[in-house]
Amino acid sequence: SGTLHGWVTAMKLKRFLLRYYPPGIVLEYQRRNGEVETKCVDFLNLTPDTDVEALITQIIFEEPLVKENKRENLRSMIYKLMEKIDGKDNQRFFLFKILRAHILPLTNCAFNKSGSRFITGSYDRTCRVWDTLSGEELLTLDGHKNVVYAIGFNNPFGDKVVTGSFDKTAKLWDARTGQCLHTLKGHTAEIVCVAFNTAGVHVATGSMDNTAMIWDVETGQQISVLAGHTAEIVSLNFNTDNDRILTGSFDNTAKVWDVHSGQCFHTLGGHQGEISSTQFDFTGDYCVTGSIDRTARVWDVNSGTCVETLRGHSDEVLDVSFNITGNRLATSSADCTARIYNIMTGACTAILIGHEGEISKVQFSPNGSKIITASSDKTCRLWNVETGECLQVLEGHGDEIFSCAFNYEGDTIITGSKDNTCRIWKDNYFMPTGEDDDAEGEGERYE
């Protein structure tokens, strides 16, 4: 322990930061040379019944930086995290704003982290940035020569936007000024999916040309080409550690790639139909694929083996989603139902019945207690994850809903529809504040 002691004395704990979803505490510490670094302590199994004192004792035992005199700080932070897990059984959403965003059809909509701004993509070849509270259009990102199909913010920062277009290019924009920072050229067919990594350093694009490409956000330079699929790439995701990327294709496979070298680690083969959606869990140890073969599959990312085939849907699986801690998985289908599975057992724990049309999107609320589904029956529904009961139907759109999302806090929902409107829904706890995206939860400082 001599070397360990030497390591710790060279470190100085500066502060704790709270991370609500998934629950954890970030230790910010300073090395002797002045460099500030962070280390995450994850509480993926935190519940309202957790023995807090035992947990604190374990942290102090396992983390050399955290001393007994921080017990009180840890206690207050863990209780704050437990409050956020509470499912707010009486939470109800109400229509806050209707925005007629574009004259030509909408393709997609997405929030920044806090939900203070959102973006819309359209067949009118633009992406627009909106202020959620006022409903004002802040910026029009104009420059593509064809449909703007795939869009995203570089959350958690929210200061850049990526747009992927049918004109075969993607563009990076300054979300504050609307300036086009880079045009990403290299694909030979339409771009249909885009994703920033969580550090905001890389952005990935997936195309009908059967390739994905990874780009440096700062310079706009191409870092690697992910070639190997034999049909278009319709889904891509970075893992939490940002060293791997997952692609899903119409060639019935998904692939796991090394971000830096562009090498394919594993081809996840076994589905009998096109892949519709893919996702890593928070740990990056597992990923899920949904397919039009009516199944979803859970894969071990390190070995590339299928550990679970989730059956039960009677029609195409259109979307798949892990909850933030990765112990539950939701699937949505053209059979008008969604299903919730326990990842450890593979058991279906609930079937969400009530929609009268196919369900194109499913997402967990940040604290994992609720699920939202978007359907071609013109409604979104909110469901209780434990019981599977429908808590609320969000009605009012005049056509199919293709997009639904929570903000990070879980108090705001955005829905996008073929009726060409976006609707913003707020919950009954909602209090307008002037806050923006800069702070990641509260922190405790030690100077």
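**Entry 1**

I began with Asp86, which lies in the loop between H3 and S4. I took helices (H or I, at least four residues) and strands (E, at least two) as DSSP runs, numbered from the N terminus. This is a predicted model, so I kept to its limits: local features need pLDDT of at least 70, side-chain atom pairs count only at pLDDT 80 or more, and totals for chains, interfaces and linings use all residues. Residues are numbered from 1 along each chain as its sequence is written, and side-chain values use heavy atoms, with hydrogens and water left out.

The cut-offs are under 20% relative accessible area for buried, over 50% for exposed, and partly exposed in between (1.4 Å probe, protein chains only).

Next I looked up the charges there. Asp86 forms a negative surface patch with Glu83, Asp89 and Glu389. A patch takes residues with over 30% relative accessible area and no salt bridge; like charges are joined within 9 Å, nonpolar side chains (Val, Leu, Ile, Met, Phe, Trp, Tyr) within 5 Å. Asp and Glu count as negative, Lys and Arg as positive; His and the chain ends are not counted. I placed each charge at NZ of Lys, CZ of Arg, CG of Asp or CD of Glu.

**Entry 1**

The areas come from the Shrake-Rupley method with a 1.4 Å probe; for residues, only the protein chains shown count as cover. Leu104 sits in the loop between strand S4 (93-100) and strand S5 (106-111). Its relative accessibility is 41%, so I logged Leu104 as partly exposed.

**Entry 2. Helix H3**

I tested the length of H3 (residues 71-85). At 1.5 Å a residue, its 15 residues should span 21 Å, and the end C-alpha atoms are 21 Å apart, which agrees. The expected span is 1.5 Å times one less than the number of residues.

Which residues of H3 are buried? I listed Arg71, Asn73, Leu74, Met77, Ile78, Leu81, Met82 and Ile85. An α-helix has 3.6 residues a turn, so residues three or four places apart point the same way.

**Entry 3. Salt bridges**

How many salt bridges does the structure hold? I have twelve on record. Each needs a side-chain nitrogen of Lys or Arg within 4 Å of a carboxyl oxygen of Asp or Glu.

Arg71 and Glu53 meet through their side chains at 3.2 Å, N to O. Arg71 is in helix H3 and Glu53 in helix H2, so this pair ties together parts that are 18 residues apart in sequence. Arg71 is buried, at 16% relative accessible area. Glu53 is partly exposed, at 32%. I also traced a salt-bridge network here: it links Glu53, Glu68, Arg71, Glu72 and Arg75.

Lys39 and Glu63 form another bridge, at 2.8 Å, N to O. The pair links distant parts of the chain, 24 residues apart: Lys39 in strand S3 (residues 36-42), Glu63 in the loop between helix H2 (52-62) and H3. Lys39 is partly exposed, at 34%, while Glu63 is buried, at 8%.

Glu400 bridges to Lys418, with the closest N and O atoms 3.5 Å apart. I see distant parts of the chain linked again, 18 residues apart: Glu400 in the loop between strand S32 (390-394) and strand S33 (401-406), Lys418 in the loop between strand S34 (412-417) and strand S35 (421-427). Glu400 is partly exposed, at 24%.

**Entry 4. Backbone checks in loops**

I looked up two cis peptide bonds. One joins Tyr21 and Pro22, with omega about -10°. Pro22 is in the loop between strand S1 (11-19) and strand S2 (24-31). Another joins Asn155 and Pro156, with omega about 10°. I placed Pro156 in the loop between strand S9 (148-153) and strand S10 (160-165).

Then I turned to positive phi. Lys168 has a phi of about 80° although it is not a glycine. Lys168 lies in the loop between S10 and strand S11 (170-174) and is partly exposed, at 40%. Asn252, also not a glycine, has a positive phi of about 75°. I found Asn252 in the loop between strand S18 (244-249) and strand S19 (254-258), partly exposed at 22%.

**Entry 5. Val129**

Last, I checked Val129 in strand S7 (residues 126-131). Val129 is buried, with a relative accessible area of 0%. Arg117 is twelve residues from Val129 in sequence and 6.9 Å away in space, C-alpha to C-alpha.
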